[in-house]
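Thanks for coming. Please look at the structure on the screen while I talk.

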Amino acid sequence: MATYIQIDPTQKLDPFKSVKKLPLEEYFTSGHRTCQGCESALLMKMMAKAAGPRSIILGSTGCMYVANTTYYSTAWVVPWMHTQLGSSGSAALGTSAALKVLMRKGKMKNEPINVIAFCGDGGGADMGVGAISATLTHAEYNSLILMYDNESYANTDIQLSGSTPWGANTTFSSPGSVKRIMHRRWKKNMAGMMAAGHPECRYVATICMSYGLHGMNAMRKALAIGGPTFIHSLDPCPKGWDYDPYLSHEMGELAINTGVWPLYEVEDRVLRLTGRTEQIAAGKIRRQPVRDYLLKQGRFAHFTNDDIDYFQSKIDEMWQKWLIPGVIPFFKDVEADPPPSK
Amino acid sequence: MATATVVEEKRSTDKTALITGSEAIAVACKLADVDVITAYPIRPYDTVMQYICKLVANGEMDCEYIVAEGEHSQFEIVKHACACGARVFCGSSGVGWMYAMEALTVTPALRIPMVAMVGNRALDDPGAFGVEHNDALAVRDLGWQLVWVDSAQEALDTALIAYRVSEDRRIFLPCAISCDGAFLTHSQALVQIPSQEKVNEFLPRYNRADLLLHPDNPITVAPQGNEDWVMEIRRQNYAAMERVSVVLKEAYADFERIFGRSYGNPFFEEYMTDDADIVLMGMGTLSTPVRVAIRQMRNGGKKVGFVRMRWFRPFAAAELAKSLSRFKAVGVIDRDYSFGSPYMSGVVTTEVRTAMYSAPGPKIPVLGFIAGLGGREVTVPDVETVAASVYKAAEGKSQPLTQWIGLRE
């Protein structure tokens, strides 16, 4: 069969075997001014380490732009460029296209260079979703789009995004004396949408830096597989979620153990649940009640027991009724509409 | 004469083709060996992308030809490609150009030498495919070089000049080439297509130099500057725009030497001004009816001239004011509007008045005329109406500072 898509060679990036086997070199170092307990900063550090020095990183507007790149004190050792809030997809595409054509024409030394564009949940799941979607259809351009999801516009004063959990207290959804729940939208299913909607995209994964090695190896796989890829990372945020910074790691673990944040990867259209999520699905460990997760965060402090029950019911629905639990929100059966009898 | 022979020889390698303004710019992109091009449909500019698609499909051009999902992405994609050392081309029209506005603001701020085509089109609403200049003019304060051309030949030549000037390390600013929708984008004319050898001699390869985003040059581009440094960075862009005049004149001189075609003063073109009492001014294809009207008026003994503004940014204020001070009055025809502006005049009028204010010598009247909006034809009688009013102002009779021409009662 004819080949229609010409994917350029990528770097060979084998999985790291253990934390002790990680390279010592840092490509995201001092000079940033992220908050104490910032999991997104940890993600940046581990992403740069996973990608290595022959990489170009594009960062759309958000915490990881504003807090990381004060003029004259950049934290980036690898080349880094700002892109606009909704432009992570376009930045990845444009950079990758330039490398491809310049190398093909002999205007640049031919070598595989990683292209990573990151965005927050505001830049990714809200404003940038169109551009990310478009980039995931351009199968001939190698890049990774990494969405760091701290579940709010955390740099501009904690405003809700399409990725903020139901009911959370943000500065655009602060509870009042008459209306307790001001944010009544359910969190957008971004990774599932990207995986289901882009048949040519070879790798989509969800990660959480509470399981750092897992996350880094997902990023290495995304960069090595070729073509455009997408990773969605859940990043606990002490400022936006309102908890003590020392709890960041535990908060990520709870998100996964309560089933709120399922870990999975879709590699060459094959779905695998990964990490603790796989064990929950296999019945090896039980899902913790979401109460354990919600009540540790000030953003849910206004919740009544009814609110918690509603939240739990939606998570249960995701695990019990979704066609693929945590991934595709189609129900397994059409309820109240049984197939016609013969 | 020896020089004439040389010019003749060079011309002989050119080809002549009957092509539209859009096609002329597509040919320029091919000759310039552009690396990354992004397309998105909107009339009337998008014909350029249709021609480029054919060039790529026929193997006449090697580039990444990317169809984007909106103008914002369209301009962001090439912005990033250009930061990595690729020569890029982009374009839009009307509200499409406005949809890209965020990308259009950061492109000059980042010193990205993008060359774009604006097929000038009226902004919505109400919908209109026809020409107005408000789309391109919307970026006039941001660091874009803005040029209006009035023929397919000039479109091709100016595109080559635009790459040469924009990509000069002294400049590194984007350039938008404005082509009046329909009148130029879709109108065919005989165009001399220069040989690849001449283009290679004129246009060096794009070198992003110290600003190249590459692992061998690990820089951080566009960090947070805030009140500490933004003012100094803005001043660098100011200085770059200030340098354009010099670099532009070098480029036009080299263009004439290599291609044997001269544009005289790069900034504005004068027509029958030597003995003129009054002059009319305007940009783009307005020149066609104005030139016809002037020839007719001169048959009737009226000494009217025409100054066609080519480069609007940078604005050659001193040169223009010096030239215009030769006449008794000036009438500027704007194919744009600026509601609430001083004297409710169009953009070009206001800028010409600003330039004239500081000119030495007696103050001469500068009248503003708004005409041809939404693609309406500016007719010869329209131009005669304009000239009659300017003549009255020249004779010291009071005239309105802004008049709408060709308006239905």
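This is a predicted model: local features need pLDDT of at least 70, side-chain atom pairs count only at pLDDT 80 or more; totals for chains, interfaces and linings use all residues.

Residues are numbered from 1 along each chain as its sequence is written, and chains are lettered from A and ligands numbered from 1 in the order in which they are written.

Start with the contact. Chain A gives 39 residues and chain B gives 38; two residues are in contact if their C-beta atoms, placed from the backbone, lie within 7 Å. On the chain B side, β3 (64-67), α4 (71-83), α6, β9 (220-221) and α10 (226-259) each supply at least two residues. Helices (H or I, at least four residues) and strands (E, at least two) are DSSP runs, numbered from the N terminus. The largest share of that side, nine residues, comes from α4(B).

Two strands pair if DSSP finds at least two bridges between them. Strand β2 (residues 80-83) of chain A pairs with β9(B) in the parallel sense, over two bridges. A:Trp80 has B:Thr220 as its bridge partner in β9(B).

Now the proline. B:Pro113 sits in the loop between α6 (101-109) and β5 (115-120) of chain B. Why does B:Pro113 count as buried? Because B:Pro113 has 25 C-beta neighbours inside 10 Å, and a residue is buried with 20 or more other C-beta atoms within 10 Å of its own, exposed with 12 or fewer, and partly exposed in between, with C-beta atoms placed from the backbone. Leaving out residues up to four places away in sequence, B:Pro113 touches several residues, including B:Cys82, B:Ser166 and B:Phe172.
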